[in-house]
Amino acid sequence: MSEYDRVRTGKLVLKGEQQRYASLKSANEQYWYYRSKKRKHKQQKNLDTPKVDTKDIADHGNWWKVTSIEDINGPVAIEFGSHTYIKALDNGLFTLGAPHNEGEGPSPEEILTAIPVNERKIALKSGYGKYVKVEKSGVVTGRSDAIGPMEQWEPVFEEGKMALQACTECFMSVDVEEDTVVALSKKASTDQMMQIRSQTVKTVNPYKDVPQEEHGDVKQIELNYVKKFQKFQDKRIRINTEDTKGLEKAKEDGSLHETLLDRRSKMKADRYCK
């Protein structure tokens, strides 16, 4: 047996783990040590994933509670209390609708259309085709034909609660005595707490946190990186013609970048590969 055969290859041991790793005598212990660490990391990742309250969604007729401004788009309903939504009237005012039974969603006159204005603000349009605004008196109305500063609202999220702030820096609430919707308080207390519910199907972009160069299959990914780093001396792309099966495996193992670098280095045309 040569000296090279005596060297046991294994996973990289970080500095903070060297003492713990050295105390493990057998290769079997070392294997299960890293296996348990990987399992713990996976469990922690699952804990960080937000859970969907399916019962709450079912209780509200498949209308789910939004948790960020990115969720507020398309048909929405503003819920104050439990199963009660603000309702548009034909005179341009809003009131609080009658309570719904469990499993029921909002009525048509309680459904608004949300339009994103920017990263912080939205506009709301009633079923009568008018935009929701706050009047100087603090009364919330739906009589505007276009979106201006008065028609813009800022959703505020904090500790699982939500409020809707008008351009006057006052928060939307329901005036029970006057039976109308207003924005009079500059402090978000219990009366200003609400839920915006949506029925829009959430679409998850699988490439949201992935660099632009890594969109597509492995062949496209390699071409993207070649275009990014290659020295175009003769204006021709030089790409490795070897089988790309190794790239598929490297992508699964997490060593895609190293493998791509090795493949580019063989072409002698990459500015970072010597």
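Reader: Is R120 buried, exposed or partly exposed?
Author: R120 is partly exposed, with a relative accessible area of 46%. This assignment, like the others here, comes from a predicted model.

Reader: Which residue does the R120 side chain meet in a salt bridge?
Author: The partner is E154, with an N to O distance of 3.0 Å.

Reader: How many salt bridges does the structure hold?
Author: The structure holds 6 salt bridges. One of them joins K55 to D59, with the closest N and O atoms 2.9 Å apart.

Reader: Where do K55 and D59 lie?
Author: Both are in helix α4 (residues 54-59), 4 residues apart, or about one turn of the helix. K55 is exposed at 55% relative accessible area, whereas D59 is buried at 17%.

Reader: What does D56 pair with?
Author: D56 forms a salt bridge with R197, and the closest N and O atoms are 3.0 Å apart. Since D56 belongs to helix α4 and R197 to strand β13 (residues 195-198), the pair ties together parts that are 141 residues apart in sequence. Both D56 and R197 are buried.

Reader: Which residues make up the salt-bridge network?
Author: D56, E79 and R197 are linked in a network of salt bridges.

Reader: Changing topic: where is H83, and what does H83 touch?
Author: H83 sits in the loop between β2 (74-79) and β3 (86-88). Leaving aside residues up to four places away in sequence, H83 touches D59, H60, A98, P99, H100, N101 and E102.

Reader: On to the backbone. What is the phi of E159?
Author: E159 has a positive phi of about 55°, although this residue is not a glycine. Most residues other than glycine have a negative phi. E159 is in the loop between β9 (152-158) and β10 (161-165), and E159 is exposed at 77% relative accessible area.

Reader: What about D179, and where is that one?
Author: Phi of D179 is also positive, near 55°. D179 occupies the loop between β11 (171-175) and β12 (180-185). D179 is partly exposed, with a relative accessible area of 46%.

Definitions and conventions: Residues are numbered from 1 along each chain as its sequence is written. This is a predicted model: local features need pLDDT of at least 70, side-chain atom pairs count only at pLDDT 80 or more; totals for chains, interfaces and linings use all residues. Side-chain values use heavy atoms; hydrogens and water are left out. Helices (H or I, at least four residues) and strands (E, at least two) are DSSP runs, numbered from the N terminus. Buried means under 20% relative accessible area, exposed over 50%, partly exposed in between (1.4 Å probe, protein chains only). Contact means heavy atoms within 4.5 Å. A salt bridge is a side-chain nitrogen of Lys or Arg within 4 Å of a carboxyl oxygen of Asp or Glu.
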